[in-house]
Amino acid sequence: GEINTVRKRLSLVKGGRFAQACAPARVLTLVLSDVVGDRADSIASGPSCPDSSTCREARAVAEKYRLRLSERARALLDRETPKELPGAELVFCGSVRQLCQAAVETCRELGYETQLLTDSLCGEARQVGAQMAALARQEAGRGKKRAFVCGGETTVRLTGTGKGGRNQELALAAAEGLAGLEGAALFSVGSDGTDGPTDAAGGYADGGTKAALAAQGISIPQVLAENDAYHALERCGGLLKTGPTGTNVNDLTVLLIDG
């Protein structure tokens, strides 16, 4: 959001200026959303919709991060974006909500009693992974096939120099809490098929993941501290590789419980 607030003002097309330049022609935009919550003026920096951010907010972001801007760039922060575009229309043709609904339907077809937890998942990946594992421990052993679906986008706090991505880190963090739990598994993937700077779409973990890593002398907390989930999951067959999908509507996380 902060990045968008600034870069909209450094562009001739972002922040509604594309539609403004097209006036009086009508503009119809088909939107494939990769933004949690489907905030239209943040998707591709909103080239064809009114912008809700302000110049004051843009200046505050620049000051907060002590951005080194040229005089010209700093002057552009004071150029307001259009707040009304009567000739512009947006139609959402793809989003994380649709991704989650497709996952819910698939889980139900496979015989799972399925619940959509959220399509606006956020927070630190390793914390979300721990929370999903806690949910698994709460729901396991009830004799029901359950599926819990989440969509959104987590973040990673860099504390090391390893290799991985938010979905891999989420899955590996879940492995710690899933340890020894039979019939429970979790996977988390990026819908574009690429998680972080890796060739994996995401990661998979179940009740045996921690033991498989421990047998190789690998400590999950240590790996998470190094942000090296890729290599740990690779050692236990936990990497999910789909190849690029050609689209991006955030991430999908699914917890499965088989009784």
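Which helix does R72 lie in? R72 is part of α4, residues 71-76; helices here are DSSP runs of H or I with at least four residues, strands are runs of E with at least two, and both are numbered from the N terminus.

Quick ground rules. This is a predicted model: local features need pLDDT of at least 70, side-chain atom pairs count only at pLDDT 80 or more, and totals for chains, interfaces and linings use all residues. Residues are numbered from 1 along each chain as its sequence is written, and side-chain values use heavy atoms, with hydrogens and water left out.

Back to R72. Is R72 buried or exposed? Exposed, at 69% relative accessible area. The cut-offs: buried is under 20%, exposed is over 50%, partly exposed is in between, with a 1.4 Å probe and protein chains only. R72 and L10 are 62 residues apart in sequence, yet 9.4 Å apart in space, C-alpha to C-alpha.

Now the interior. A nonpolar core means buried Ala, Val, Leu, Ile, Met, Phe, Trp, Tyr and Cys residues joined through side-chain atoms within 4.5 Å. The largest one has 34 residues. A136, L172, L178, L186 and L255 have the most contacts inside it. The largest share, 7 residues, comes from α7. A second, separate core has 13 residues, including C107 and V254.

Last, charges over rings: NZ of Lys or CZ of Arg within 6 Å of the ring centre and within 35 degrees of the ring normal. K145 lies over the face of Y112, 4.4 Å from the ring centre. The charged end of K163 sits over Y230's ring, 4.3 Å from its centre.
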